[in-house]
Amino acid sequence: MSEENNYNKKLNNFNPAKAVETGRKYFSESKFFAKMGRYALLLGSKIAYYSFLLYYTFKSPNTPKKDKLTIAGALGYLIFPADVIPDFIPVVGFADDSLAIIYAIYSVVSHIDASIKAQAHASMAKYFGENFSKAGIDDNLLFDQSDDDDENHSQAQ
């Protein structure tokens, strides 16, 4: 029980902004996809989807540098092997990673457009299958085929 209390104390003292700042130096695309390949199912569909949203927002030329640094920090923290709470610990192992990812998502949400959602959706289909669970994912962040159709229609005019 004392071990669980120790993890809960660490989690309560966890500062997502500081973790994001620390994680910036650890982000690389190859490490990100390697981690997603190994841990996507353990992360769960919500955090995996948000991680893909962050990745594709990072790749977007429309995302300001300041926001790209936030994203690099969050994804760097996700792939950093020495977390506050190590990933191999059942249930709580990804809690600190999840907080950093959620913090970053809501910091850059204004730069997540329909094309980024479509790319994240495609990555999720690859890792989880086309009908992956959307439970807990903010409806505003989910890919909606009609958004993509509207965007293609407006570009065609």
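This tour goes through a predicted model, from the whole chain to single residues, and says what to select at each stop. Because it is a prediction, local features are described only where pLDDT is at least 70 and side-chain atom pairs count only at pLDDT 80 or more, while totals for chains, interfaces and linings use all residues. Residues are numbered from 1 along each chain as its sequence is written, and side-chain values use heavy atoms, with hydrogens and water left out.

**The whole chain**

Begin with the chain in a cartoon view, where there are eight helices and zero strands; helices here are DSSP runs of H or I with at least four residues, strands are runs of E with at least two, and both are numbered from the N terminus. Of the 157 residues, 44% count as buried, a word that means under 20% relative accessible area, with exposed meaning over 50% and partly exposed in between (1.4 Å probe, protein chains only). Among contacts (heavy atoms within 4.5 Å) between residues at least 6 apart in sequence, 75% join residues at least 24 apart.

**The core**

Next, select Tyr49, Leu53, Leu54 and Leu75, which have the most contacts inside the largest nonpolar core, a group of 37 residues. A nonpolar core is a set of buried Ala, Val, Leu, Ile, Met, Phe, Trp, Tyr and Cys residues joined through side-chain atoms within 4.5 Å. Helix 3 (29-43), helix 4 (45-59), helix 5 (65-79), helix 6 (95-108) and helix 7 (114-128) each give two or more residues to this core, and the largest share, ten residues, comes from helix 4. Staying on tyrosine 49, and setting aside residues up to four places away in sequence, you can show its contacts, among them Lys117, His121, Met124, Phe132 and Phe143.

**Serine 45**

Move to serine 45, which lies in helix 4 and is buried, with a relative accessible area of 12%. Its side chain reaches the backbone oxygen of serine 133 at 2.7 Å, a polar contact, that is, a pair of N or O atoms within 3.5 Å in which, within protein, one must be able to donate a hydrogen and the other to accept it, and residues adjacent in sequence count only if both atoms are side-chain atoms. Isoleucine 137 is 92 residues away along the chain, yet its C-alpha atom and that of serine 45 are separated by 8.3 Å.

**Threonine 63 and helix 5**

Threonine 63 lies in the loop between helix 4 and helix 5, and it counts as buried because its relative accessibility is 5%. A polar atom of its side chain lies 2.6 Å from the backbone oxygen of threonine 57. Then select helix 5, where eleven of the 15 residues are buried, so it is largely enclosed by the rest of the structure; the buried ones include Asp67, Thr70, Gly73 and Tyr77.

**Helix 7**

Finally, select helix 7, whose buried residues include Ala114, Lys117, His121 and Ser123. Just after helix 7, glycine 129 takes a positive phi of about 95°, and the tour ends there.
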